[in-house]
Amino acid sequence: MTALPGETPGTAGTDTPEGDAPTEATDAEAPAHTEAPDATDAEATEAGTSAAETGEVAEASADEATGSAEATEGAGDTAGASADEEEDAAAPALSEAQAELAAQRELRERIAQRKAAKDGPVAAGTKLSGTAADLLAAVRAVESGQKTGTEFFDSHLGTPTPRRAAPAPAVRPRRPDPAAAPVERPAASPEAVDAVRAVLTEGGGPEALARPATGALGEQAAELLRTDPWQLLAVPGVRPEQADGFARALLGAGCGPDDERRTAALVGWVLERAALQGHTALDAEAVRAALAERAVRDPDEAVRHAVEEGVALVFQEGAEAGFEGGEDVEAEAPAEGGAPEGGETEAPEPVQVLLGLDRYALAEESLADGLARLLNACEKGADWAEAAAAAPSPSAAELIRTAATAGLVVHSGGEAARAEPAALIAAARGLGLRALGAAHSEDGRRRLAGAIGAPEAAVTLAGLLSGTEGPGRDEDGALALDLLVVLDAPQLDVEGAAVLVEALADGARLVLSGDPGVLGSAGAGRVFADVLAARACPQVVSRTPDPGPIGELVSGIGIGELSQVAAPGKEVVIVPVRDAGEAVHRTVQLVADSVPRAFSIPAADTQVITVGHGGAAGTRVLNEALKQRLNPGPGRFGGFDPGDRVVHIPAPGRAVPGVVRSADAEGLHLDCGGTPVVVPQERVEAVVRHGWALSAHQAAGMRWPAAVVVLPGDAAAGLSRPWVYTAFGRGERHLSVVHGVDQALPHAVAQVPAQERTTRLRPLLEALPAPDAAS
C-alpha cells in the first residue's frame, strides 16, 4: 500500500477522522468479485474509454434514446435527451435550460445562414477559410453537377492551404436576443411518431425509439428510415450492430457492409462518438480504422463518399499545428539537375488530414473570428494604474494592468487565485465600467459574489447566455457589458464558447480564468487549453498558492507528485479498503458518522465523488446506500422522496445539485441552491439523479466543506492526473480518500496525463496576428 497523505504508521487500517475501528463488511456488502466501473461519464474519456464501448449501451439503447438510460447519465450523458427537452418546453415562460438551448440554436442558425449566403468559393480571410471554405464551395459545385465528388476529394490531399488572417473590425448587425425571441422546435406530431413506430416494428426495432427518432430526423423520419435504415444511428444510444439488424430486416438481401448508405452513416457515427470524448475533429486514418473494424472493405472509398455527401468536412493541418503523426504529402521530384547544392532535398512538411462535423468546424471558426475581433477592437489606452495600485495582491495587480491593455486575457491559477478576477471585477466597477463575472455553477457564483462583495456582479454562465441572469442586451443585441470575466473556463466547450463570444460587443474585454489542471469540458473542444497553447493573447499566471494541507496536496498532484503532507487537524485522511463492498460501507460511515463528529460538518455538506456511475462502488450503488442511511423512503415520486439530495441535468454538460422538496401533478419540485425548479413528471427519469455521490465531472466547478473520494479497486482504469486533481480539490476543510487502488493512484498522478483532444482551434488562433498593444 502506498503511503499517502494523512496516513500514520501503524494505523493504516483504522484511519478515520476519529480513529473509528473499521467495521467488517457483511457478505451482502462484499461481492465475490468486483465489476469494472461503468465508465460512461465524460470523465471516463480521460482513461481512453468510449461511452459507446461499455457494453451497457447495447442493452439499454432504447432507454437511452428516451432519456432513461443509466449508461450515459451525468455530466456527459444528456446529449440523448436534448431533443426531448426542447420538445417538452411548452411553458409560457422560458426556463433557463430552454433559453440556453435557444441561444445555441440561434447561433447555429446564424452560422447556417452565413454559410448558405456564400454562392462561390470562399476566399481565405473571410468567415470561413482554407480547406473548410474550399470544401463548402466544392460541395455546392458537386450538388449542382459542376464537379464530381472524386475530383474535389483528390484536390484536397495536396499541400496545406494558407491560413486566414484576422478579420478587420466591422460594424456588426443587430443580434437577436435568444431569451426574448426564442426559436422553439415544434414537437413531433403524433402522426409522424406513429409512422416511425410502424417502420421500427417492421424492422424489429424497439417502439421506444419512435419519439427520439422523430426528434432527431424530423417529420419525414419514417420515409427516411425506410429508404436509409442506417439513419437510425442518428438516434443517441443506437449502435451500428443494431442499425445493421434493422436494415437487414427492412432491405433483406439489398444491403451489405459496403452499402454507401451504411458507410456514410458510420462515418457520422464515428465522428459523433469522438465528439462525446471531446474531439471536434478526428484523424482521417482513425476514421478509416474504425470503419475497417465495422467490416467496411474499402474504408478509403467510404470516407470519400461521406465527404461527397456532406456528412463530414475535410481539413489539413501542418506539423506546426501541434498534431502528431498524420499523413505525409509526397515531395515533388526536383527537376533534372535542380537538386540543391550539397545533394540534399528538404523534406516536405508533414500534413494531417482531419475529418469533422460541420457544427463543430463552424463553431471553431466562429469562435476564432470572435476572439480576433475582441483582440483588435478593444480600447487599449485605458488608465487603470490607480486601480492596480490598490489591488489586494501582486497577481491581482498584474491582472488588472493586463486587462487594461488587452481585449482578451487568459488567467490561470488554483482555488485561491479566484480572488484575483474578483479584484479585477471590483476595480472595473469602481471605474464605472459594466463588469460582470460568470461561473460554471451556482456554488461558484456565490463564492465569486462573496469575493467581489456585490451579489449582482456574479452570475452563472448558463444564466447569462439564456438571459435569465445578468444585464440583458443592448440596442444591438449584444450583452450590455464592458468587461466579462469567465471563471471555471476549462468547462467551456467550443459551442458554448462560440455563443458567448458572439454575444459580446465590439470593444468589450473578455478574461478567461481557470485552473489548467482540472478535467476539461463535458462537451466537445478544449477552449481554455487551446487559447493558452496558442499564446495569441496576454496570459497572467497567478502566484497565489492554495493554502492548507489540501491545497499543498492538490498543488503537488498538479505537477505529477503525490506527496506526503502534514495534516495535524486530520484535514486529509486515507481510509484503506480491501474491496468495493467495504468501500461502500466505509463511505457511508464517513458521511453519516465520522466526518460530522470530528469536524461538525453535517452530512448535507459532505460530497462523495467516485470514478464512474456503474460498478460495485459507482454513483448508483453509493447513492442507494447513502439514501438508505440518510433519507430512507419508498421513492414514491418517481424513485425520489422529499429530502433526497439530487442532481438536476437541465442541459447537456450541466449538473445542478439540489434537494427534493415535494411533488404534485405539475412535476417534481426541487430546491437548487435556493432556486425553485419544477421538473415535469415525464422528464424526471431522464434529467434527475440522486446526488449524494457524483462523478468528478459533475463536481467540477463546485466545492463543499468536506469531500469523500471513493477509489475502489475496479476504478484504477479510470484514474488520471486531472481526475485526481479535480476530485481531491473539491473539499474546503476536509478530504477523506477511501483508497483501494494501491499503486494505481500514484501511477495515475505521475504518468497518466489528460487524454489529448483533437481540435482545430489552436492552429486557427496561432494564425492570428499579434495584438497591437503589448501585454
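A charge is taken to sit over a ring if NZ of Lys or CZ of Arg is within 6 Å of the ring centre and within 35 degrees of the ring normal. With that in mind, Arg 760 lies over the face of Phe 315, at 3.8 Å from the ring centre.

Before I go on, please remember that this is a predicted model, in which local features need pLDDT of at least 70 and side-chain atom pairs count only at pLDDT 80 or more, while totals for chains, interfaces and linings use all residues. Residues are numbered from 1 along each chain as its sequence is written, and side-chain values use heavy atoms, with hydrogens and water left out.

Let me turn to helix packing, where helices are DSSP runs of H or I with at least four residues, numbered from the N terminus. Helix α16, residues 394-404, packs with helix α17, residues 419-430, at an angle of about 50°, their axes being 9 Å apart; axes are lines fitted to C-alpha atoms over the stretch in contact, and angles run from 0 to 180 degrees between N-to-C directions. The two are therefore oblique to each other, a word kept for angles that are not under 35 degrees (roughly parallel), over 145 (roughly antiparallel) or 65 to 115 (roughly perpendicular).

On the α16 side, Ser 395, Ala 396, Leu 399, Ile 400 and Ala 403 meet Glu 420, Pro 421, Ala 423, Leu 424 and Ala 427 of α17, contact meaning heavy atoms within 4.5 Å.

The other pair is α7, residues 190-202, and α8, residues 210-217, which pack at about 115° with axes 8 Å apart. That makes α7 roughly perpendicular to α8. Here Ala 192, Val 193, Val 196, Arg 197 and Leu 200 in α7 meet Ala 210, Arg 211, Ala 213 and Thr 214 in α8.
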